Amino acid sequence: MPLVADTPAQEQVDHALVTRVLLGNDPRAFEQLLRRHQGMVRAQLRRLTQGDEAAADDLAQETFVLAWRKLGQFRGEARFSTWLYRIAYSCFLQAYRRPAWSGRDTQEDTFEHHRAPDSSIDLQLDLARAMRKLSSAEQAVLLHGVQLGLSHEETAYVLGMPLGTVKTHATRGKAKLKTWLAAWQGTGNRE
Amino acid sequence: MHSPDDNDIDALLRQSFEGPVADDGFTDRVMQRLPARRHRLSWPMLAGVAAGIATCWLSLSSAPLYRAGWTDWLSGHWSSPAIIVWLALSGMSLLALGWVLAEPENR
């Protein structure tokens, strides 16, 4: 899966669209920003909500409404997409801390030993289970730092963590995954 | 048996990521929910600043120290009143500059 990393040209387009919204109060410019970024923000939130698409889309709506309100605070210090990820993660955390969220089924399952691997689909399933066994901080760091393709610095910005903590969570998370998925070594995990 | 290295783990994680979600009307739904943006009214602030300057000018213009300082300053004579007026104006300018720089942070 190719990562959707912003090129400098895409960043310039984002900045131009933000300027159009702020100077001209132009909703169509914001609509373009929304179309450009909704896919990745919703993917981020689906991961954070453990695949709960309805909850993720509700949070994504909340994210973009907040972005619309706070657009004047975007100063271009981070990429626009990174700024959106930060708002989305903040929305997720607020929802996650509500009592109603704790009662949700997060698809927790037992993950102790891995049987002999059968196929790449089994590997993906084991990986998904292994990811769920990581701490929430390790999951968040690997999601943003590896799957969304952010740098350590950007991940720290999005998650509001010190840079050293991000690096530690990344190292520990990968070490755990390596241990838990060791049985798959040499059985086609480079497919 | 060797465990998978970091690159393998990274590759696996990226492979398992589904990528961007298709729009399917999401953008339209959000656009309908957007509230109207609030316009920042600049004229009340400008009117307040102008009124403050005018009030200051009127209240200070009759003060002997201010008059002496202003007259000396305009004539190029750096007397004590002129220096006091200059310091007061510089201080107020610095305060205004600090406020202008800090204001966007608080928005």
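**Figure 1. Helices α8(A) and α9(A) are roughly perpendicular to each other, because their angle falls in the 65 to 115 degree class.** In this predicted model, local features need pLDDT of at least 70 and side-chain atom pairs count only at pLDDT 80 or more, while totals for chains, interfaces and linings use all residues. Residues are numbered from 1 along each chain as its sequence is written, with chains lettered from A and ligands numbered from 1 in the order in which they are written. Helix α8 of chain A spans residues 152-159. It packs on α9(A) at an angle of about 105 degrees, with the axes 9 Å apart. Axes are lines fitted to C-alpha atoms, for helices over the stretch in contact, and angles run from 0 to 180 degrees between N-to-C directions. From α8(A), the contact takes A:His152, A:Glu153, A:Thr155, A:Ala156 and A:Leu159. From α9(A) come A:Leu163, A:Val166 and A:Lys167. Contact here means C-beta atoms, placed from the backbone, within 7 Å. By class, this contact has four nonpolar, two polar and two charged residues. Nonpolar covers Ala, Val, Leu, Ile, Met, Phe, Trp, Tyr, Cys and Pro; charged covers Asp, Glu, Lys and Arg; the others, Gly among them, are polar.

**Figure 2. Helix α7(A) crosses α9(A) at roughly 95 degrees.** The two axes come within 8 Å. That makes α7(A) roughly perpendicular to α9(A). On the α7(A) side, the contact is made by A:Ala137, A:Glu138, A:Val141, A:Leu142 and A:Gly145. On the α9(A) side, A:Val166, A:His169, A:Ala170, A:Arg172 and A:Gly173 take part. The residues of this contact divide into five nonpolar, three polar and two charged.

**Figure 3. Helices α1(A) and α2(A) make a left-handed crossing.** Left-handed means that the near helix is turned anticlockwise from the far one by less than a right angle; clockwise would be right-handed. Helix α1 of chain A covers residues 8-24. Its axis and that of α2(A) come within 7 Å and cross at roughly 150 degrees. A:Asp14, A:Leu17, A:Arg20 and A:Val21 in α1(A) meet A:Ala29, A:Phe30, A:Gln32 and A:Leu33 in α2(A). Five nonpolar, one polar and two charged residues form this contact.

**Figure 4. The largest nonpolar core holds 51 residues.** Such a core is a set of buried Ala, Val, Leu, Ile, Met, Phe, Trp, Tyr and Cys residues joined through C-beta atoms within 7 Å. Buried means 20 or more other C-beta atoms within 10 Å of the residue's own, exposed 12 or fewer, and partly exposed in between, with C-beta atoms placed from the backbone. A:Leu45, A:Leu84 and A:Ala88 touch the most other members. Helix α4 of chain A (residues 80-96) gives the most to this core, with nine residues. Leaving aside residues up to four places away in sequence, A:Leu45 touches A:Ala56, A:Leu59, A:Ala60, A:Ala88 and A:Phe92. In soluble globular proteins, nonpolar side chains tend to be buried together.

**Figure 5. Chain A meets chain B through 37 residues of chain A and 28 residues of chain B.** On chain A, the elements that give two or more residues are α2 (27-48), α3 (53-69), α6 (120-133), α7 (136-147) and α9 (163-180). The largest share, 10 residues, comes from α2(A). By class, this side has 18 nonpolar, 11 polar and eight charged residues. Chain A has nine helices and zero strands. Chain B has five helices and zero strands. Helices (H or I, at least four residues) and strands (E, at least two) are DSSP runs, numbered from the N terminus. Buried residues make up 36% of the 191 residues in chain A. In chain B, 10% of the 107 residues are buried.

**Figure 6. A:Gln50 and B:Asp24 have positive phi.** A:Gln50, not a glycine, has phi of about 60 degrees. This residue lies in the loop between α2 and α3 of chain A. B:Asp24 sits in the loop between α1 (6-16) and α2 (26-33) of chain B. B:Asp24 counts as exposed because its C-beta neighbours inside 10 Å number 11.

Notes: Contact = placed C-beta atoms within 7 Å. Parallel < 35°, antiparallel > 145°, perpendicular 65-115°, else oblique.
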